[in-house]
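Hello,

Here is the structure I promised to pass on. Please have a look at it first, then read my notes below.

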Amino acid sequence: WEFNGSFYQPSAFLMMGIPGLEALHPWISIPFCALYLAALLGNCGILFIVRRTPSLHEPMYYFLSMLALTDLGLALCTLPTTLGLFWFNARRIAFDACLAQMYFIHILSFIESSVLLAMAFDRFVAISHPLRHAAILTERTVLKIGLAIVLRGTVSLLPIPFLLKRLTYCGRTELSHSFCFHPDIMNLACADIKVNVFYGMIVLLSTVGMDFVFIVLSYVLIIRTVVSLATKEECLKALNTCVSHICAVLLFFIPMVGLSMIHRFGKNVPPLVNTLVAYTYLIIPPALNPVIYSIKSTPIREALRRALCRKRG
């Protein structure tokens, strides 16, 4: 499509499900429903348990509540469009609604990255300076960290919708997923997108990229501390408190980096691979994080067991 320099903006975009499997969308929706249900129930359960259990009012579980709230938001952002497409073939999404969904998906992703960094810092302080842990991470400090995380994500991504609205689009309106993603929308434009690419990469590297570097640095320092412990039992006990967090970090960062690289550089990647990585990035972590923490965290398991016993009683 050629518009000879005239400004054109589509009224809506068309979302895509799983390419080549459109006839099976009603059946494919079953595992998606299970994952969304697990995400909603699991994260709401974590929030309920931490709120109702005074012994869990500690920095580690405050950060876990932030993670659960973020995962809940991510699930709710993509649930209407994904299940609407699979159940009713509702592919159309208005241009401004698409930008709003994209903005919140990216904000919540950046917030999750920052929360995982805060959790890594909490583990570092708890293992390296156990006697000063409560003094360093007070409730006021945790609250300030939470507000700073939200403010950083909101402000750093605020220009993105405006950068997309200034572009001229070429008439192509088909997105690659059942949700709106910045590189996906950007690639539909027929204008110069260098500013979008540059700003997107700068924001990604300065937020998620830096978060990942500091998470790795935190674990280097944790391992140094653990190695210096007197006995093997103490070493394993200290590392065991980090297993859930390490799993959450890998679940989040591996598909996120993969999806970003595919959209920017993977022109020859099969559409099915692109789709699977996208769904892994946005649906699997919110569904599995509560399960991981419930299995590995004894206080969470005990609080959950007591809550279930009270309901039965």
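**What I found**

Trp-27 sits in helix α1, which covers residues 25-52. Keep in mind that this is a predicted model. Trp-27 counts as exposed, because its relative accessibility is 63%, and exposed means over 50%.

**The disulfide**

How many disulfides does a search of the whole structure find? It finds 1. The partners are Cys-98 and Cys-180, with sulfur atoms 1.9 Å apart. The pair ties together distant parts of the chain, 82 residues apart. Cys-98 belongs to helix α3 (residues 95-128). Cys-180 lies in the loop between α6 (159-165) and α7 (182-186). The torsion about the S-S bond is about -120°, so this disulfide is left-handed.

Cys-98 is buried, at a relative accessible area of 0%. Cys-180 is buried as well, with 0% relative accessibility.

Two other cysteines are worth a note. The cut-off for a disulfide is 2.5 Å between the sulfur atoms. Cys-44 is partly exposed, with a relative accessible area of 38%. Cys-170 is buried, at 9%.

**Helix α2 against helix α11**

Next, the helix packing. Two packed helices are described by the angle between their axes and the distance between the axes. For α2 and helix α11 (residues 271-296), the angle is about 135° and the axes are 9 Å apart. That makes α2 oblique to α11. The crossing of α2 past α11 is left-handed.

Which residues meet here? From α2 come Leu-64, Leu-67, Asp-71, Leu-74, Thr-78, Thr-82 and Phe-86. From α11 come Tyr-279, Leu-282, Pro-285, Pro-286, Asn-289 and Tyr-293. By class, this contact has 9 nonpolar, 3 polar and 1 charged residues.

**Helix α3 against helix α8**

Helix α8 spans residues 194-227. Its axis and that of α3 come within 9 Å and cross at roughly 20°. The two helices are therefore roughly parallel to each other. The crossing of α3 and α8 is left-handed. The contact of α3 with α8 divides into 16 nonpolar, 6 polar and 2 charged residues.

Look at Glu-112 in helix α3. Is Glu-112 buried or exposed? Glu-112 counts as buried, because its relative accessibility is 0%. Leaving out residues up to four places away in sequence, Glu-112 touches Leu-67, Thr-70, Asp-71, Leu-74, Phe-252, Pro-285 and Asn-289. Among these, Leu-67, Asp-71 and Leu-74 of α2 and Pro-285 and Asn-289 of α11 also take part in the contact between α2 and α11. Pro-271 is another matter: Glu-112 and Pro-271 are 159 residues apart in sequence and 26 Å apart in space, C-alpha to C-alpha.

Thr-70 is found in helix α2, which runs over residues 59-88. Thr-70 is buried, at 5% relative accessibility. Apart from residues up to four places away in sequence, Thr-70 touches Leu-108, Ile-111 and Glu-112.

Thr-207 is in helix α8. With 4% relative accessibility, Thr-207 counts as buried. Setting aside neighbours within four places in sequence, Thr-207 is in contact with Phe-110, Arg-152 and Ser-156.

Last, Asn-89. Where is Asn-89 found? Asn-89 is in the loop between α2 and β2 (92-94). Its phi is near 55°, a positive value in a residue other than glycine. Asn-89 counts as exposed, with 53% relative accessibility.

Best wishes

Technical notes: Residues numbered from 1 in each chain as written. Predicted model: local features only at pLDDT ≥ 70, side-chain atom pairs only at ≥ 80, totals over all residues. Heavy atoms only, no water. Helix = DSSP H or I, 4+ residues; strand = E, 2+ residues; numbered from the N terminus. Buried < 20%, exposed > 50% of the residue type's maximum accessible area, 1.4 Å probe, protein only. Contact = heavy atoms within 4.5 Å. Axes fitted to C-alpha atoms, helices over the stretch in contact; angles between N-to-C directions. Parallel < 35°, antiparallel > 145°, perpendicular 65-115°, else oblique. Left-handed = near helix turned anticlockwise from the far one by under 90°. Nonpolar A, V, L, I, M, F, W, Y, C, P; charged D, E, K, R; others polar.
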